Amino acid sequence: KRSFINNSEDNSIAVRVTAKVIIVRGGIVLKRVLYITTVSRTINAFLIPHIEMLLENGYEVHCACSIDKLVDEELLNKGVKVFEVPFSRNTLGIGNIKAFEKLSELQRLYSYDILHVHTPIASIYGRLLKVNYHNTKTIYTAHGYHFFKGGSKFGWLLYYPIEKAMAKLSDAVININSEDYEITKNKLKPKKCYFINGVGIDLKKYKKLSEDNISTIKESLGLKANDFVVLMIAELNKNKNHMQVINAMEYLKDKYPNIKLLCAGDGNYITYLSEQIISKDLQNNIFMLGYRQDVNNLINISDIGILMSYREGLPRNLMEFMACGRKVIATNIRGCRDIVCNDSVGTLVNVGDVKATAHAIENYYIARDRRFIVSDEINKYDIRNVNNELLKVYDDIELEINGEKGLASYATNR
């Protein structure tokens, strides 16, 4: 329920939502936004700071997703409503028909001004609402297209035509790496497209620990003081390509037995990867840590970070290593190339090149550079800068909405 309070002194309207007063400029009621993702873990992992920024700037935000992890309680306490939508990972799965029906029901009930869609499946069915609700604005954040230079023909044959068609239903497309942005601008050609440096990270969360703390954490993980730690933070799935670094460790284990690989993350490849580690007799060299929340601690005890993905959008885990002053080894793919842009950040190796991966690890092992040097490149990924850029996108959409309604926009008065 909302109550409206006239205030002649500042020509504004205050809107009470769950006992919180939000001042809305220029006599315009706050806009309502629906964030749509395939699964809820995407919200927890990447989108909470964006949603909080929108709330602080006078938007009402709801979320629609398949709930595989409970959404962060802080968002719920701030009045964000979360709706279960039965998305299926199969593009044409029957669950997605039901999901579209649920999204249509939500749009009828709440009349959202803006639909902000994320992840491939949710972005398709979310934007399809535009067919029946022409005045609703759609923003699509593409976290990495399934078609890219050097990618499979299947990705181009299946996903490119879909994105080309969906671009016609997109009022704004946000890309987070330069390659995708060029494809959007020159090939997909939506109404508007923007380039933003990823989902952002909070640099205040990453800091150098004391040597005593580092020693204590290493000891708790069964590591020795002179162990050289390679850390991979990634979901355990086929795309993250853990086997490339596991095979590289097989090359290194006899010559450098104190090189240890830590894998932080969970996923459906845990059984397969564990079997591979055992079959290669790497149980004393590779340790699967499962899902972890102490990322800053793990990066501090590591000597280097590593990411061997086949496909990425703009990997935040590489940013986290940069924020903690650690260099990285990454595959030479879209997204990783954006971040690992010079030697001060790290080294790129080709997908599948196990020997080059082992050689890169060996080079860092020999150098043993434990200095805490944070690259200047990290600042553009700061969540404050990313949120400022995202707010500009919303300001543009706000101008369109109010222009169509013949209203003055409050976006320019924030």
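Throughout these legends, buried means under 20% relative accessible area, exposed over 50%, and partly exposed in between (1.4 Å probe, protein chains only). This is a predicted model, in which local features need pLDDT of at least 70, side-chain atom pairs count only at pLDDT 80 or more, and totals for chains, interfaces and linings use all residues. Residues are numbered from 1 along each chain as its sequence is written, and side-chain values use heavy atoms, with hydrogens and water left out.

View 1. Most residues other than glycine have a negative phi. T119 sits in the loop between strand 7 (114-118) and helix 4 (120-128); helices (H or I, at least four residues) and strands (E, at least two) are DSSP runs, numbered from the N terminus. T119 is buried, at a relative accessible area of 16%.

**View 2. Strand 15 and its two parallel partners.** Two strands pair if DSSP finds at least two bridges between them. Strand 14 (residues 304-307) pairs with strand 15 (residues 328-331) in the parallel sense over 3 bridges. The chain gets from strand 14 to strand 15 through helix 11 (residues 316-323), in a right-handed β-α-β crossover; with the strands pointing away from the viewer, right-handed means that the path from the first strand over the helix to the second runs clockwise. G305 stands opposite V328. Strand 16 (residues 346-349) runs parallel to strand 15, joined by 4 bridges, and here A330 has L348 as its bridge partner. V328 and A330 point one way from strand 15, I329 and T331 the other way, and all are buried.

**View 3. I259 in the largest nonpolar core.** A nonpolar core is a set of buried Ala, Val, Leu, Ile, Met, Phe, Trp, Tyr and Cys residues joined through side-chain atoms within 4.5 Å. The largest has 65 residues, and I259, L261, I306, I329 and I361 have the most contacts inside it. Contact means heavy atoms within 4.5 Å. Beyond its neighbours within four places in sequence, I259 touches residues including F228, V230, M249 and I361. A second, separate core of 29 residues includes Y35, M53, V71 and L390.

**View 4. Residues 1-27, with pLDDT under 50.** pLDDT is the predictor's confidence in each residue, from 0 to 100. The protein averages 89, and 90% of the residues score at least 70. For residues 1-27 the model has 44 contacts beyond four places in sequence.
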